[in-house]
Amino acid sequence: MCIDTERMDKGVNKTQQIPERLYFVGAGGIGMANLVRYYLRHGSLVGGYDRTPSQLTSELEKEGARLTFTDSEEEVGEEFRDPEKTLVVYTPAVPSDNRILSMFREGGFEVIKRAALLGKITRHTEAICIAGSHGKTTTCSMTANILRNSSVGCTAFLGGILRNTGSNLVLDEGSKISVIEADEYDRSFHQLTPTIAVVTSTDPDHLDIYGDEEHYLEAFSIFTSLIQEGGVLITHTGLAYTPNVKEGVRVETYSGGSEGDWHAENIRYGEGKIIFDLIGPDIRINDIEPGVPVEINIDNAVAAAAAAIHAGATPEEVKEGLRTFRGARRRFEIYLDGTERENGPVLIDDYAHSPNEVKASIASVKKLYPGRKLSVIFQPHLYTRTRDFAPEFAEALSDADEVIMPEIYPARELPIEGVTTDIILNRVNCKEKRFCKRKDLLNLIKSSNFEILMTLGAADIDRALPDIKKILETGE
């Protein structure tokens, strides 16, 4: 069942040079932070800049990163001013007029994107690269949790904080396996060299980068062409793209239903649990119980199990890794489960930021808590995404009983004329809906009586969750 490691090893250079010093521009981003941690753990001197302090940047500073939050050349320490000794890494989310980044570029430093640095790591390991418009963070985290507790081990670069470890980095220097979230934004995943690749979904996204669905799907085809000879592609059934693999790369399909080379059978729901049997080529694992029992995690668990088995994990290790999985932060994270007091409120947060993710999250909550009123706070992320998918978002949100929407979170973008929350909210068809400014949300929550409150989106709504939880618990 394992991949052809003899053929695979011929294409992997196992000697990796660790830079003496690195400076990360945009160090507090979730995808940058795992690289900051990786090089700190390898003894490099690491500095960086981010626009805003956060819990994550505070953790990085405690681990040894030398960070600044002011975009000024003077903030860069002397230890990072030698272009012969310092590698500079940046994320595409950083504006091109950033003063610190401009200083490095004009000073003769080697300046590379985060994706290029991650690509270097994949060329020195046997990389499991998990891509998709949604599902990749959870699938990647599940795969890492299976392998880190198995005889195989892994180093993993995750796009979310694995709640089992409290980090977005899993480090095992004795393992030849790396698990990497393959981000399609800015074509970043084209820098990777997978041995095993997983494609979870190809719903159009990032059309500000790709222009249209055709070019978005083409990017996934290109990603599959990067899989090493002797490797394997595990792709969800029914996706719109066309794989373009090299000769000698095995292609397998999967689903959380009854279709695909890897699939689920005998799915059982009850008492807050989901249990199913996993069927794969020449293998069956009975009674798998995902530690985070939401319906979409059947799909994710099937994909993670397939990748882990190809990497050498045993059926018993797969079963235990999925059972003990506690999820990634902001991926269907339950803050209150309703048991704190009689008829207590439920509070769930999910990073869902595409229409299909929103629809799946709402459907999962309704299945877990049938008959209870579901109120959703959805904070749109990006003007372009709101503009491009307003009808689809409205249709997905209409499955909730109540929808509350604050203004669009711009992130890296400037406003677009005519693009506001209203272009989604006006199309929503549910019992109750309203606009509420982000700054007024806590007051609204204090004056409401929610049965189930779910916060959705890739914006900054998660920063308010401690306060929201306190209000729901105490009423104050």
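Which residue forms a salt bridge with Asp-277? The partner is Arg-284, and the closest N and O atoms of the two side chains lie 3.2 Å apart. Here a salt bridge means that a side-chain nitrogen of Lys or Arg is within 4 Å of a carboxyl oxygen of Asp or Glu. This pair is a handy way into the structure, and the overall picture comes before a return to it.

The model is a predicted one, in which local features need pLDDT of at least 70 and side-chain atom pairs count only at pLDDT 80 or more, while totals for chains, interfaces and linings use all residues. Residues are numbered from 1 along each chain as its sequence is written, and side-chain values use heavy atoms, with hydrogens and water left out.

The chain contains 15 helices and 21 strands, taken as DSSP runs numbered from the N terminus (helices: H or I, at least four residues; strands: E, at least two). Its radius of gyration is 22 Å, close to the 23 Å that the globule rule gives for 476 residues, so the chain is as compact as a globular protein of that length. That radius is taken over C-alpha atoms, and the rule is 2.2 Å times the number of residues to the power 0.38. Along the principal axes, the C-alpha trace spans about 60 × 60 × 40 Å.

Of the 476 residues, 56% count as buried (buried is under 20% relative accessible area, exposed is over 50%, and partly exposed is in between, with a 1.4 Å probe and protein chains only). Among contacts (heavy atoms within 4.5 Å) between residues at least 6 apart in sequence, 65% join residues at least 24 apart.

Charges come next. The chain carries 53 positive and 74 negative side chains, and the centres of the two sets lie 3 Å apart. In this count Lys and Arg are positive and Asp and Glu negative, with His and the chain ends not counted; each charge is placed at NZ of Lys, CZ of Arg, CG of Asp or CD of Glu. Side chains of opposite charge can pair when their charged atoms come close. The structure holds 28 salt bridges.

One of these joins Arg-284 to Glu-265, with the closest N and O atoms 3.4 Å apart. This pair links distant parts of the chain, Arg-284 being in strand 15 (residues 283-288) and Glu-265 in strand 13 (residues 263-270), 19 residues apart. Arg-284 is partly exposed at 46% relative accessible area, and Glu-265 is partly exposed at 31%. Arg-268 in turn pairs with Asp-287, at 3.0 Å between the closest N and O atoms. Here too strand 13, with Arg-268, is linked to strand 15, with Asp-287, across 19 residues. The relative accessible areas are 28% for Arg-268 and 40% for Asp-287, both partly exposed. Asp-277, by contrast, counts as buried at 4% relative accessibility. Through shared partners, salt bridges join Glu-265, Arg-268, Asp-277, Arg-284 and Asp-287 into one network.

In helix 5 (residues 114-122), eight of the nine residues are buried, so the helix is largely enclosed by the rest of the structure; among the buried residues are Arg-114, Leu-117, Leu-118 and Ile-121. Gly-31 sits in helix 2 (residues 30-41) and counts as buried at 15% relative accessibility.
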